[in-house]
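Okay, everyone, let's have a look at this one together. I'll start with the open space and then move on to one of the helices.

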Amino acid sequence: MSRDVISDEAWAVLGPLFPAVKATGRPPVDRRTVVEATAWRFRTRAPWRDLPERFGNWNTIFKNFDRWSKAGVWARALEQVQARAHQGGDVNWTASIDSTIVRVHQHGATLPRDKGGTVELQEVRR
């Protein structure tokens, strides 16, 4: 199986999280194709216009992605998948933040040192 294809087991979980197909109007693009194309695009960091032809028209894929993003579909899908993984004990929520990568905002680094703290601490510093 190609890395571009979502397995049937994964799609069984993901598929219901995306909007249902409308009964009227233009025939929609297959939801699974849009999700696979979006995954390919973000994994490769390629521009939308560089989507392989097997996914169809790049603009159609982008419009579906953008509409779903604005409607919160992607966020809800992520929440549902994370909740399911958490229930199954597949997620470890421990995070380790190394202070060498935490930076102060550029304007915060130039503040005078007598700001903040209690009065007692400010008197001690003088």
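So, the largest pocket has a volume of about 420 Å³. By pocket I mean, on a 1 Å grid over the protein atoms alone, an open set of points where a 1.4 Å probe fits, with protein on both sides within 12 Å along at least five of seven lines; the volume is the space filled by probe spheres set on the points, joined across faces, edges and corners. This is a predicted model, where local features need pLDDT of at least 70 and side-chain atom pairs pLDDT 80 or more, while totals for chains, interfaces and linings use all residues. Residues are numbered from 1 along each chain as its sequence is written, and side-chain values use heavy atoms, with hydrogens and water left out.

Who lines the pocket? There are 16 residues (each with an atom within 4 Å of a point), and Arg26, Pro28, Arg31, Asn64 and Arg67 lie nearest the centre. Helix α3, residues 58–70, gives the largest share, five residues. Helices here are DSSP runs of H or I, at least four residues, numbered from the N terminus.

Now helix α2, residues 31–44. Is it mostly covered or mostly open? Covered: 10 of its 14 residues are buried, meaning under 20% relative accessible area with a 1.4 Å probe, protein chains only. Among them are Val34, Val35 and Trp40, but also Arg31 and Glu36. The buried residues of α2 pack against α1 (8–14), α3 and α4 (73–87), with contact meaning heavy atoms within 4.5 Å.

Key: Helices (H or I, at least four residues) and strands (E, at least two) are DSSP runs, numbered from the N terminus. The expected span of a helix is 1.5 Å times one less than its number of residues. Buried means under 20% relative accessible area, exposed over 50%, partly exposed in between (1.4 Å probe, protein chains only).
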